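This report describes one protein model, part by part. Please look over the sequence and the structure before reading on.

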Amino acid sequence: QHLYNQFLDQGQKGLVITALSGIDIALWDLKGRRLNEPVHRLLGGPIRSEVKAYATGTYRLDEGNPLEYVIREVKGYVDEGFHAVKIKIGFDVSSDLELIRAVRSAVGPEIELMIDANHGYDALEAIRLGQAIADLDIRWFEEPVKPDNLGAYEEVRRGQPIPVAGGECDFTRWGFREILQRRAIDIIQPDTAAAGGISECKKIADMAASFGVRYLPHVWGTGIGLAAALQLLAVLPDTPPSYNPKAPILEFDRSEHPFRQAVLETPIEHSGGVVAVPSAPGLGIEINRNALDQFRIS
């Protein structure tokens with residue numbers, strides 16, 4: 001809080017908040033180690049000890065046909081036991097439509113399918129795409145447009161039927177307050193390692209619950225961010241309040257990323273698409289210092 005106030009004039013979002021997120025996560029880890037408890041116990045106690053995960057990846061390669069290698073990749077995730085997969089789009093509406101239909105056909109109707117444009121479209125393109133795949137039972141349409149244009153998010157949400165997700169580029173409870181008040185996004189996705197850390201993301205999650213908006217953390221980066229997200233997911237209630245609320249699920253990045261798990265002495269892995277919440281003190285992980293040296297840039 002002291003550091004946030006010191007940077008308040010020009011540090012309400014972006015790199016400053018991302019840096020403060022790292023400090024906040026480290027402080028929770030330190031407190032857990034000092035009290036010999038996992039972070040989720042310090043947050044009030046776990047609702048769940050394991051979390052269903054969805055596989056994300058499907059980055060474009062320099063060579064080859066996406067209709068071949070993306071299909072091969074998502075089929076591999078299904079074979080590993082994942083109940084849901086998320087694919088990358090946002091390149092060209094026509095070719096993206098072809099890929100989405102091919103992936104749905106390849107994985108079948110029982111596997112949940114999400115699409116992530118990484119703010120690659122404008123509102124008109126996103127609406128066109130969402131309307132064209134309304135029959136494919138897409139669970140959510142992530143970051144269809146630029147994150148700094150809430151009006152475009154509102155247009156996309158009104159103009160096509162797929163639930164709109166986003167928020168990985170937003171920060172702090174104050175940044176998410178307007179999103180929630182305007183109902184611009186159906187599923188918010190703060191990144192625990194960027195939006196303010198565990199402390200701030202728990203506040204954002206509580207706000208989302210009061211608005212009846214689903215909260216699913218964005219997870220990308222190192223195993224530290226993955227562990228922090230799991231500690232938070234352990235204590236989040238099923239949302240939104242309803243007769244059959246849904247348990248939150250974990251984004252489990254499966255793309256090529258050597259540093260992600262190398263930084264951990266014991267990598268966090270899934271079993272049949274389910275990931276256990278670390279239960280050792282603090283974040284429940286130990287850092288491999290040799291990996292830090294191995295990947296250091298001089």
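His218 sits in the loop between strand E7 (214-215) and helix H10. Helices (H or I, at least four residues) and strands (E, at least two) are DSSP runs, numbered from the N terminus.

His218 has a relative accessibility of 10% and therefore counts as buried. Buried means under 20% relative accessible area, exposed means over 50%, and partly exposed lies in between (1.4 Å probe, protein chains only). Leaving aside residues up to four places away in sequence, His218 touches Glu142, Glu168, Gln189, Pro190, Asp191, Thr192 and Glu251. Contact here means heavy atoms within 4.5 Å.

## Basis of the model

The model is predicted: local features need pLDDT of at least 70, side-chain atom pairs count only at pLDDT 80 or more, and totals for chains, interfaces and linings use all residues. Residues are numbered from 1 along each chain as its sequence is written, and side-chain values use heavy atoms, with hydrogens and water left out.

## The chain as a whole

The protein chain has twelve helices and nine strands. Its C-alpha atoms fill a box of roughly 55 × 50 × 40 Å, taken along the principal axes. A compact globule of 298 residues would have a radius of gyration near 19 Å, and the 19 Å of the protein chain agrees with this. That radius is taken over C-alpha atoms, and the globule rule is 2.2 Å times the number of residues to the power 0.38.

Of the 298 residues, 50% count as buried. The protein chain exposes about 14,400 Å², and carbon and sulfur atoms supply 50% of that area. Accessible areas come from the Shrake-Rupley method with a 1.4 Å probe; for residues, only the protein chains shown count as cover. Among contacts in the protein chain with a separation of 6 or more, 72% are made by residues 24 or more positions apart.

## Helix H6

Which residues of helix H6 (residues 123-132) are buried? They are Ala123, Ala126, Ile127, Leu129 and Gly130. These residues lie on the same side of H6, because they cover an arc of only 165° around the axis. The arc is that of the directions from the helix axis to the C-beta atoms.

The cover over the buried residues of H6 includes helix H5 (93-107), strand E3 (112-116), strand E4 (138-142) and helix H7 (150-159). At the N-terminal end, Asp122 caps H6, with a side-chain oxygen 3.2 Å from the backbone nitrogen of Leu124.

## Aromatic pairs

The structure holds six aromatic pairs. Rings of Phe, Tyr and Trp (its six-membered ring) pair if their centres lie within 6.5 Å; planes under 30 degrees apart count as stacked, over 60 as edge-to-face and the rest as tilted. One of the pairs is Tyr54 with Trp140, edge-to-face, at 5.3 Å centre to centre and 85° between the planes. Tyr54 lies in strand E1 (residues 50-56) and Trp140 in strand E4, so this pair ties together parts that are 86 residues apart in sequence. Tyr54 is buried, with a relative accessible area of 1%, and Trp140 is buried at 0%.

Tyr121 and Phe141 also form an edge-to-face pair, 6.3 Å centre to centre with 80° between the planes. Tyr121 belongs to the loop between E3 and H6 and Phe141 to strand E4, so the pair ties together parts that are 20 residues apart in sequence. Both Tyr121 and Phe141 are buried. Elsewhere, ring pairs link Tyr77, Phe82 and Phe252 into a cluster.

## Backbone details in loops

Where does Thr58 lie? Thr58 is in the loop between E1 and helix H4 (66-80). Thr58 has a positive phi of about 55° although it is not a glycine, and it is buried, with a relative accessible area of 1%. Asn118, also not a glycine, has a positive phi of about 45°. Asn118 is placed in the loop between E3 and H6 and counts as partly exposed at 28% relative accessibility.

A cis peptide bond joins Thr239 and Pro240, with omega about -10°. Pro240 lies in the loop between helix H10 (223-233) and strand E8 (250-253).

Key: Polar contact = N/O pair within 3.5 Å; in protein donor to acceptor, adjacent residues only side chain to side chain.
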